[in-house]
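Hi everyone, thanks for making time.

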Amino acid sequence: MKILSAEQIREADQYTIKYEPIVSSELMERAASKCSEWLRKKYDIHYSYQIFCGVGNNGGDGLAIARQLFQKGFDVKVYQVAFSSKKSPDFILNEKRIQDMDIPYKIIKRPSEFPPIKQQKNIVIDTLFGSGLNRPARGLAADMISYLNQESRHTISIDLPSGLFPEDNSENDMDFVIKARHTLTFELPKLALLFPENGPFVGQWHLLPIGLHPRFISEAETNYHFLTLEEIKPLLQKRKKYTHKGSFGHVKIVAGSRGKMGAAILATKAALRSGAGLVTAHIPGCGLESMQTSTPEAMVEENSGTNILQESSVETTGYSLGIGPGIGKDHSTKNFLRALLKNCKSPAVLDADALNIIAEDESCQKLIPALSILTPHPKEFQRIAGEYKGDLEKLQKQKDLARKLNCIVVLKGAHTSICMPDGRIYFNSTGNPGMATGGSGDVLTGLIAGLLAQGYSPENTALIAVFLHGMAGDYAAAEESVESLIASDLIHQFGKVFRNLIDS
Ligand SMILES: NC(=O)C1=CN([C@@H]2O[C@H](COP(=O)(O)OP(=O)(O)OC[C@H]3O[C@@H](n4cnc5c(N)ncnc54)[C@H](OP(=O)(O)O)[C@@H]3O)[C@@H](O)[C@H]2O)[C@H](O)CC1
Ligand SMILES: [K+]
């Protein structure tokens with residue numbers, strides 16, 4: 001699914017109005033009815049609504065939602081926050097419609113007119129600003145936002161939390177942005193909704209399709225994508241009947257050190273469960289027994305080091321390598337990694353301490369095979385890419401790094417972002433906070449290496465693996481709980497994930 005800019009969304013609006021064709025007030029009516037349907041499904045008739053409207057089309061949406069809810073019997077109060085006299089035509093039309101009905105409607109001109117916010121079974125609907133915000137909120141609008149953030153326990157924002165810019169908030173004043181519990185956004189996700197730093201404002205966000213013209217969307221150009229099942233399904237290969245274990249590649253997991261063998265075991269198990277034909281674990285001697293006992297399906301190749309990986313020759317040809325979980329940063333491990341990368345000619349997966357080592361050694365970065373997949377978490381990423389001020393700058397650094405190394409950079413987090421060397425960025429839609437747990441990244445490394453071994457291109461591998469990993473997390477959280485989720489639960493869910501994706 002594409003992520004378009006505010007400008008492109010405005011154009012999509014106009015294109016839809018012209019070519020569907022539909023009058024703009026009808027498009028607003030459609031958008032509003034998606035919202036009021038969503039609200040009615042979630043909150044029963046005992047809930048009341050206080051709807052705060054700006055004077056643009058976002059405010060117009062608010063007026064139309066108010067009318068629709070009122071017609072369904074809800075207790076609705078509407079407030080126009082008169083921060084400007086420039087009402088949009090569709091706002092004016094909807095204002096007239098509610099004035100012709102018996103809906104309580106007040107115009108707020110100064111803070112002394114802010115109404116008390118009902119606390120029990122009451123929803124505040126925020127339609128002050130949407131995608132038309134063009135400067136940080138000030139004056140009456142800013143006061144209103146602060147007041148609502150202080151007084152309302154249950155705010156739902158329409159299209160965007162008011163005061164939040166759809167893309168770049170680096171110059172914004174975040175004190176004057178609505179803190180919503182839910183954001184109902186139209187048709188396509190906006191970039192700002194995907195940034196972790198905006199989580200406190202956006203809350204949970206939901207996409208409501210409003211029938212913007214599919215031709216405009218399919219032709220629109222963008223580097224930003226939201227990764228959903230629709231994109232993933234066509235990428236998956238079904239296993240053919242006449243195949244043998246050699247058809248599905250050979251993974252080599254290069255991982256572990258004394259006290260961190262768990263990381264190696266998790267990555268190895270994940271590679272096995274990913275469908276790879278064969279998996280070898282290259283580990284320090286101290287891990288031999290634990291690996292063979294816990295993971296009998298894997299072969300073990302002992303490194304010359306007992307407690308850590310140190311220089312020894314490792315065959316890399318014919319393997320998909322997953323390098324880094326639990327290896328530590330000892331001087332001899334650094335030398336080992338350098339020699340390994342020098343020797344390795346096909347795309348590999350680099351994670352954890354492998355990333356920490358290359359962060360400290362620029363010359364080592366040049367040895368990474370083209371189209372390798374790097375999977376840093378935000379701290380590891382910062383070590384390689386340097387400091388950044390906000391999530392937009394972080395994204396730019398991610399692009400720079402992917403281009404510089406000619407690699408795929410997978411930056412883990414809520415909505416993990418996957419950046420291709422050509423600048424395309426995919427934000428993942430699966431996963432949950434329960435996955436922020438030790439070993440979850442090791443599982444991803446094994447899964448990526450396992451898919452790579454099966455002949456998926458590095459780009460498709462990264463997309464599929466991140467999506468599946470998140471899906472496994474969602475299944476695990478549903479069966480257990482977000483709180484109790486541990487990394488091995490993810491591996492246990494791979495079977496169900498594959499069955500549901502490939503066979504359905
Ligand atoms: N695109 C769609 O799919 C649909 C969108 N809808 C809704 O429309 C809004 C966008 O509406 P728009 O009228 O473009 O803009 P807003 O309602 O967000 O409000 C902007 C108006 O407010 C003024 N403005 C902007 N920033 C500030 C500020 N900081 N302080 C005060 N005033 C501000 C601006 O006017 P100026 O001339 O003063 O700059 C705008 O007039 C979208 O988000 C959806 O909710 C449709 O209903 C359905 C289809
Ligand atoms: K809003």
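What we have here is a predicted model. The mean pLDDT of the protein chain is 97, and 99% of its residues reach 70 or more. For the complex, the predictor reports an ipTM of 0.97 along with a pTM of 0.96.

H12 and H14 cross in a left-handed way. H12 covers residues 352–360 and H14 covers residues 378–385. Their axes are 8 Å apart, and the packing angle is about 20 degrees. Angles under 35 degrees count as roughly parallel, so that is what we call H12 and H14. If you want to find the contact, look on the H12 side for Ala352, Leu355, Asn356, Ile358 and Ala359. On the H14 side, they meet Glu380, Arg383 and Ile384.

Helix H3, residues 57–71, packs against helix H4, residues 89–99, at an angle of about 25 degrees, and the axes are 8 Å apart. That makes H3 roughly parallel to H4. The H3–H4 crossing is left-handed. Among the residues that meet here are Leu63, Ala64 and Arg67 from H3, and Phe91, Asn94 and Ile98 from H4.

Next, the inside. The largest nonpolar core has 55 residues, and the ones touching the most other members are Val251, Ile253, Ile418 and Val443. Several elements give two or more residues to this core, including strand E9 (250–254), helix H9 (261–273) and strand E10 (278–283). Which element provides the largest share? That would be H17, with 12 residues. There's also another core lying apart from this one, with 50 residues, among them Val254, Cys344, Ala348 and Val409.

Let's zoom in on Val251. Beyond its neighbours within four places in sequence, Val251 is in contact with residues including Ala271, Leu278, Tyr319 and Ala453.

And one last stop: Thr268, which sits in helix H9. Is Thr268 buried or exposed? Its relative accessibility is 0%, so Thr268 counts as buried. Setting aside neighbours within four places in sequence, Thr268 is in contact with Ile253, Val279, Ala281, Met291, Thr295 and Ala298.

Methods
Residues numbered from 1 in each chain as written. Chains lettered and ligands numbered in written order. Predicted model: local features only at pLDDT ≥ 70, side-chain atom pairs only at ≥ 80, totals over all residues. Heavy atoms only, no water. Core = buried A, V, L, I, M, F, W, Y, C linked by side-chain atoms within 4.5 Å. Buried < 20%, exposed > 50% of the residue type's maximum accessible area, 1.4 Å probe, protein only. Helix = DSSP H or I, 4+ residues; strand = E, 2+ residues; numbered from the N terminus. Contact = heavy atoms within 4.5 Å. pLDDT = per-residue confidence, 0-100. Axes fitted to C-alpha atoms, helices over the stretch in contact; angles between N-to-C directions. Parallel < 35°, antiparallel > 145°, perpendicular 65-115°, else oblique. Left-handed = near helix turned anticlockwise from the far one by under 90°.
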